[in-house]
Amino acid sequence: MRSFVIVLIAVAGAALAQDNFKCPDDYGFYPHSHSCDKYWKCDNGVSELKTCGNGLAFDATDTKFLTENCDYLHNVDCGDRTQLEPAISAPHCPRLYGIFSDEGKCDVFWNCWNGEASRYQCSPGLAYDREARVCMWADQVPECKVEEVAGGFNCPAPGEVANAGSFSRHAHPDDCRKYYICLEGVAREYGCPIGTVFKIGDSDGTGNCEDPEDVPGCEDYYGDLDLKSIRKSELLAGLNTSSQGRSSPAGPSPKASKPRPQGNPNRPSPPPSQGGDA
């Protein structure tokens with residue numbers, strides 16, 4: 001009984017110590033001792049306990065303690081700060097903030113910001129790797145690997161394609177927009193951006209995505225679809241995305257050069273694709 005009381009006193013003392021956090025300096029942001037999504041804000045020597053959004057964690061890499069930055073959990077090394085607030089979920093979002101795989105489709109993932117889920121889809125032939133958090137070749141993602149990734153297409157034998165380099169490209173027999181990439185003898189199905197089709201190059205194993213009008217037999221691939229309107233919509237969507245604070249898909253979340261309000265951290269970027277160029 002005595003040992004149990006001692007443990008309770010120790011726990012209460014630790015909690016009290018956290019509640020009575022003393023600011024090392026008049027101004028700064030300091031990590032909580034055991035919670036990864038909590039931190040202390042010091043202003044004029046007065047401490048205030050703050051909590052990041054659900055699914056975000058406090059980035060404590062600033063050795064000068066002048067940066068207030070809550071980032072996605074997978075971007076933060078929590079170390080011994082193992083505790084987190086209970087998860088708050090929303091449709092497609094196990095937590096209110098984060099990047100999460102789709103429950104049923106391997107090529108779809110969701111970027112969640114304050115419970116609002118934005119849908120992203122990998123290019124044809126790619127799947128979202130939930131560990132690396134990038135789009136990769138589908139046969140390299142264990143939970144998405146299928147027996148015939150490229151629909152039974154067989155890559156040319158080594159040496160059959162002259163000057164092919166490290167990989168070669170081959171037209172799909174039934175779909176103008178799709179093509180196969182052969183890398184180390186493995187065929188992967190890929191696709192051109194909307195509005196373009198695959199055009200076979202002058203040399204074997206080469207080709208590029210071009211305007212349908214420049215590809216014989218594929219001129220009417222998109223039929224009556226108004227490509228100009230689609231491209232305009234995509235451009236506006238990109239502008240709207242930028243206005244919401246997302247950074248370039250190719251880079252990590254930006255770090256602030258000066259403290260910013262906890263309620264308005266920079267929005268971390270969605271993951272990039274690593275399968276190859278379209």
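**Entry 1: strand 7 and its neighbours**

I began with S101 and found that it stands opposite F109 in strand 7. I keep in mind that this is a predicted model. Next I asked how strand 6 and strand 7 run relative to each other: parallel or antiparallel? Strand 6, residues 98-101, pairs with strand 7 in the antiparallel sense, and I noted four bridges. Six residues sit between these two strands, which form a hairpin.

Then I followed F109 to its other side. There it stands opposite Y120 in strand 8. Strand 8 covers residues 116-121 and pairs with strand 7 through six bridges, in the antiparallel sense. This pair makes a hairpin too, with two residues between the strands. In that hairpin I looked up N114, and its phi is positive, near 55 degrees.

How many residues of strand 7 are buried? I went through residues 108-113 and found that six of the six are. I also wrote down which way they point. V108, W110 and C112 go one way, while F109, N111 and W113 go the other, and all are buried.

**Entry 2: H32**

My next stop was H32, in the loop between strand 1 (27-31) and strand 2 (38-43). Is H32 buried or exposed? Its relative accessible area is 6%, so I put it down as buried, since the cut-off is under 20%. I then checked what its side chain reaches.

**Entry 3: P156**

I moved on to P156, which belongs to the loop between strand 10 (134-137) and strand 11 (167-171). Its relative accessibility is 27%, so P156 counts as partly exposed. I also looked up its distance to H170, which is 14 residues away along the chain. The C-alpha atoms of P156 and H170 are 9.7 Å apart.

**Entry 4: empty space inside**

Last, I looked for cavities. Rolling a probe the size of a water molecule over the atoms shows where empty space is left. I counted one cavity of 30 Å³ or more. The largest cavity holds about 30 Å³ of space. Which residues line the largest cavity? I listed F29, P31, F58, D59, A60, D62, F65, L66 and T67. Sorting this lining by type gave me six nonpolar residues, one polar and two charged.

Note on methods: Residues numbered from 1 in each chain as written. Predicted model: local features only at pLDDT ≥ 70, side-chain atom pairs only at ≥ 80, totals over all residues. Heavy atoms only, no water. 1 Å grid on protein atoms, 1.4 Å probe; cavity = no way out; pocket = protein on both sides within 12 Å on 5 of 7 lines; lining within 4 Å. Points joined across faces, edges and corners; volume = space filled by probe spheres on them. Nonpolar A, V, L, I, M, F, W, Y, C, P; charged D, E, K, R; others polar. Buried < 20%, exposed > 50% of the residue type's maximum accessible area, 1.4 Å probe, protein only. Pairing = 2+ DSSP bridges.
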